[in-house]
Amino acid sequence: GKMTLSEKQEIFSQADLIVGQYGGGMQNHFLCNSETHILLLQSEKFFREIHYNTATRLNHYVTSIIGPALSTGNNSDFSIDDAVFERELVKILGKL
């Protein structure tokens, strides 16, 4: 089901780390406290830096993992190397 804004705020305000694919749902980082880490998964065909701009203002830390697109187009599926994901996640968890 859908969550209310207050429900989202309750959850995201307690997060030390959020992980997800670039998209509208990741905009919930606005509800996080300062010093929250964001692990952003992105396609090489749809790389955007907006989270870096807003994260700077909100004192968040953003790490992007950019994977190869599996087809053409902006919204194509993409893959992420498991070893790269694990390495970046371990780095972030070591800072928490």
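This report walks through a predicted model of one protein chain, from its overall build down to single residues.

**How to read the model**

Residues are numbered from 1 along each chain as its sequence is written, and side-chain values use heavy atoms, with hydrogens and water left out. Because this is a predicted model, local features need pLDDT of at least 70 and side-chain atom pairs count only at pLDDT 80 or more, while totals for chains, interfaces and linings use all residues.

**The whole chain**

Let us begin with the big picture. The chain has three helices and three strands; these are DSSP runs, numbered from the N terminus, with at least four residues (H or I) for a helix and at least two (E) for a strand. Read from the N terminus on, the elements run α-β-β-α-β-α. The radius of gyration of the chain is 14 Å, close to the 12 Å that the globule rule gives for 96 residues, so the chain is as compact as a globular protein of that length. Here the radius is taken over C-alpha atoms, and the globule rule is 2.2 Å times the number of residues to the power 0.38. Along the principal axes, the C-alpha atoms fill a box of roughly 35 × 30 × 25 Å.

How much of the chain is buried? Buried residues make up 31% of the 96 residues, where buried means under 20% relative accessible area, exposed means over 50%, and partly exposed lies in between (1.4 Å probe, protein chains only). The accessible surface of the chain comes to about 6,200 Å², and 50% of this belongs to carbon and sulfur atoms. Such areas come from the Shrake-Rupley method with a 1.4 Å probe, and for residues only the protein chains shown count as cover.

Contacts tell us about the fold too. Of the contacts in the chain with a separation of 6 or more, 45% are between residues 24 or more positions apart; a contact means heavy atoms within 4.5 Å.

**The strands**

Strand S2 (37-43) pairs with both of the other strands named here. S1 and S2 pair in the parallel sense over five bridges, and Val19 stands opposite Leu39 in S2. S2 and S3 also pair in the parallel sense, over seven bridges, with Ser43 opposite Gly67 in S3. Two strands pair if DSSP finds at least two bridges between them.

In a regular strand the side chains alternate between the two faces of the sheet. S1 has a covered face, made of Ile18 and Gly20, and an uncovered one, made of Leu17, Val19 and Gln21. What about S2? His37, Leu39, Leu41 and Ser43 point one way from it and Ile38, Leu40 and Gln42 the other way, and all are buried. Seven of the seven residues of S2 are buried, so this strand is largely enclosed by the rest of the structure.

**Some residues to look at**

The table places a few residues along the accessibility scale.

| Residue | Relative accessible area | Class |
|---|---|---|
| Met3 | 37% | partly exposed |
| Lys8 | 27% | partly exposed |
| Glu35 | 47% | partly exposed |
| Gln42 | 1% | buried |
| Asn59 | 35% | partly exposed |

Met3 lies in the segment before helix H1 (5-12), and Lys8 is found in helix H1. Leaving aside neighbours within four places in sequence, Met3 is in contact with Lys8 and Ile11. The C-alpha atoms of Lys8 and Thr36, 28 residues apart along the chain, are separated by 15 Å.

Gln42 belongs to strand S2. Its C-alpha atom and that of Glu7, 35 residues apart along the chain, are separated by 26 Å.

Most residues other than glycine have a negative phi. Glu35 has a positive phi of about 70 degrees although it is not a glycine, and its place is in the loop between strand S1 (17-21) and strand S2 (37-43). Asn59 has a phi near 60 degrees, again a positive value in a residue other than glycine. Where is Asn59 found? Asn59 sits in the loop between helix H2 (50-58) and strand S3 (61-67).
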